[in-house]
Amino acid sequence: MNLYAEVALNISFQEETLTYEVPYEMENLQIGMRVEVFLKTKKAEGIVVDLHNLSPVYPTKKILRKIDKRPVVNKEQIELSRWMKKTYLSTLGDGLYK
């Protein structure tokens, strides 16, 4: 069974997160870690805000690499960023990175 990560990127766009497949060698990936992913044709940095086994109905790209050995953001900070997104119409990435 594949593992998927919801990643909040440090860019402004409407989606809260994008779904990426977690490569087998990154099975110890944790919520709150920064990762490098492909976004269209360029690399981007993002923070893992959720992990799950629900396969999307669309093709996903794999996470390229982990940037951190430990989470740099905790679950409370992620929840605060979600609240800020709703309250101040920001993006989840804005709340986590700024």
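Predicted model: local features only at pLDDT ≥ 70, side-chain atom pairs only at ≥ 80, totals over all residues.
Let's start with the helix. Helix α1 runs over residues 75–88, which makes 14 residues. From first C-alpha to last, α1 reaches 20 Å. That is close to the 20 Å expected at 1.5 Å a residue.

Now the two ends. At the start of α1, look at N74. A side-chain oxygen of N74 comes to within 3.0 Å of the backbone nitrogen of E76. At the other end, look just after α1, at L89. L89 has a positive phi, about 55°.

Next, the faces of the helix. Which residues make a nonpolar patch on the surface? They are L80, W83 and Y88. Together they have about 370 Å² of accessible area. Take L80, which sits in helix α1. Its relative accessibility is 46%, so L80 counts as partly exposed.

Compare S81, also a residue of helix α1. Is S81 buried or exposed? It counts as buried, because its relative accessibility is 2%.

On to charges. Side chains of opposite charge can pair when their charged atoms come close. How many salt bridges does a search of the whole structure find? The count is 4. I'll walk through some of them.

Take R34 and D68. Their side chains meet in a salt bridge, 2.7 Å from N to O. R34 lies in strand β3, and D68 lies in the loop between β5 and α1, so this pair ties together parts that are 34 residues apart in sequence. How covered are the partners? R34 is partly exposed, because its relative accessible area is 23%. D68 is buried, with a relative accessible area of 10%.

Then R65 and E36. This is another salt bridge, with the closest N and O atoms 3.2 Å apart. Here too the pair links distant parts of the chain. R65 is partly exposed, at 40% relative accessible area. E36 is buried, at 17%.

Now back to the helix, for E79 and R82. They form a salt bridge too, and the closest N and O atoms are 3.0 Å apart. Where do the two residues sit relative to each other? They are 3 residues apart in helix α1, so about one helical turn separates them. E79 counts as partly exposed, with 46% relative accessibility. R82 also counts as partly exposed, with 22%. Elsewhere, salt bridges that share partners join R34, E45 and D68 into one network.

E6 is in strand β1, residues 3–9. Which side chain of opposite charge is nearest to E6? It is R82, at 7.7 Å. What E6 does have is a polar contact. The side chains of E6 and T17 are joined at 2.7 Å.

Stay in strand β1 for A8. A8 counts as buried because its relative accessibility is 0%. Follow A8 across the fold to G95. In sequence, A8 and G95 are 87 residues apart. In space, they are 9.8 Å apart, C-alpha to C-alpha.

F38 counts as partly exposed, since its relative accessibility is 32%. How far is F38 from K61 in sequence and in space? The separation is 23 residues in sequence, and 7.4 Å in space between C-alpha atoms.

R34 pairs with D68, and E36 pairs with R65. In helix α1, E79 pairs with R82.

Conventions
Residues numbered from 1 in each chain as written. Heavy atoms only, no water. Helix = DSSP H or I, 4+ residues; strand = E, 2+ residues; numbered from the N terminus. Expected span 1.5 Å × (residues − 1). Polar contact = N/O pair within 3.5 Å; in protein donor to acceptor, adjacent residues only side chain to side chain. Patch = residues over 30% accessible without salt bridge, like charges linked within 9 Å, V, L, I, M, F, W, Y side chains within 5 Å. Areas by Shrake-Rupley, 256 points an atom, 1.4 Å probe, with all protein chains shown as cover. Buried < 20%, exposed > 50% of the residue type's maximum accessible area, 1.4 Å probe, protein only. Lys, Arg positive; Asp, Glu negative; His and termini not counted.
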